[in-house]
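Biologist: I'm new to this one. Could you take me through how the side chains meet inside it, starting from the aromatic rings?

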Amino acid sequence: QVQLVESGGGLVQAGGSLRLSCVASPHTNLHGTGWFRQAPGKEREFVAIFRWSGGSTTYADSVKDRFTISGDNAKNTVYLQMSSLKPEDTAVYYCAAQRYYSGSYPARPVEYDYWGQGTQVTVSS
């Protein structure tokens, strides 16, 4: 079984930064681990994914200039460094992992097999 545990959420002023962490254990048999977010009344939205073999990354257009996803194999951890945060970034952020490659832009929640419980990110104006 795979366990995903997120941390790092909180309250931050617009323009500030925050780093989210997701411990994915074990990650050996996972293709990729990434992040979705969901604001009240909105559908769950793809943010970014990190692929363990090769370290390739994919970002949603809305965040690619401000967010950076990375992975640390030794710590079984994927990070999401968020900068220049905007109130529209406010959401519950979920770590998600897929066992198999599903495409170059895996933006659908159904493409993922495991989910964390989520961590709240609130950006004030």
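Modeller: Let's start with Trp 52, which counts as buried because its relative accessibility is 9%. Buried here means under 20% relative accessible area, while exposed means over 50% and partly exposed is anything in between (1.4 Å probe, protein chains only). Phe 50 is buried too, with a relative accessible area of 8%.

Before going on, keep in mind that this is a predicted model, where local features need pLDDT of at least 70, side-chain atom pairs count only at pLDDT 80 or more, and totals for chains, interfaces and linings use all residues. Residues are numbered from 1 along each chain as its sequence is written, and side-chain values use heavy atoms, with hydrogens and water left out.

Now the rings. Rings of Phe, Tyr and Trp (its six-membered ring) pair if their centres lie within 6.5 Å; planes under 30 degrees apart count as stacked, over 60 as edge-to-face and the rest as tilted. That rule gives six aromatic pairs. Take Phe 36 and Tyr 112: they sit edge-to-face, 5.0 Å centre to centre, with 85° between the planes. Phe 36 belongs to strand β4 (residues 32-38) and Tyr 112 to the loop between β9 (91-98) and β10 (114-115), so this pair ties together parts 76 residues apart in sequence. Both Phe 36 and Tyr 112 are buried. As for the strand labels, helices (H or I, at least four residues) and strands (E, at least two) are DSSP runs, numbered from the N terminus.

There's also a group of rings: Phe 36, Phe 46, Tyr 105, Tyr 112 and Trp 115 are linked into a cluster by ring pairs.

On to the charged pairs. A salt bridge is a side-chain nitrogen of Lys or Arg within 4 Å of a carboxyl oxygen of Asp or Glu, and the structure holds five of them. In one, Arg 37 meets Asp 89, with the closest N and O atoms 2.9 Å apart. That links distant parts of the chain, as Arg 37 is in strand β4 and Asp 89 is in the loop between β8 and β9, 52 residues apart. Arg 37 and Asp 89 are both buried. Asp 89 has another partner in Arg 66, at 2.7 Å from N to O. Here Arg 66 comes from the loop between β6 (57-59) and β7 (67-72), 23 residues apart from Asp 89. Arg 66 counts as buried at 12% relative accessibility, and Asp 89 at 0%. Put together, Arg 37, Glu 45, Arg 66 and Asp 89 are linked in a network of salt bridges.

Asp 113 and Arg 99 form another salt bridge, 3.3 Å from N to O. Both lie in the loop between β9 and β10, so the pair ties together parts 14 residues apart in sequence. Asp 113 is partly exposed at 34%, and Arg 99 is partly exposed at 35%.
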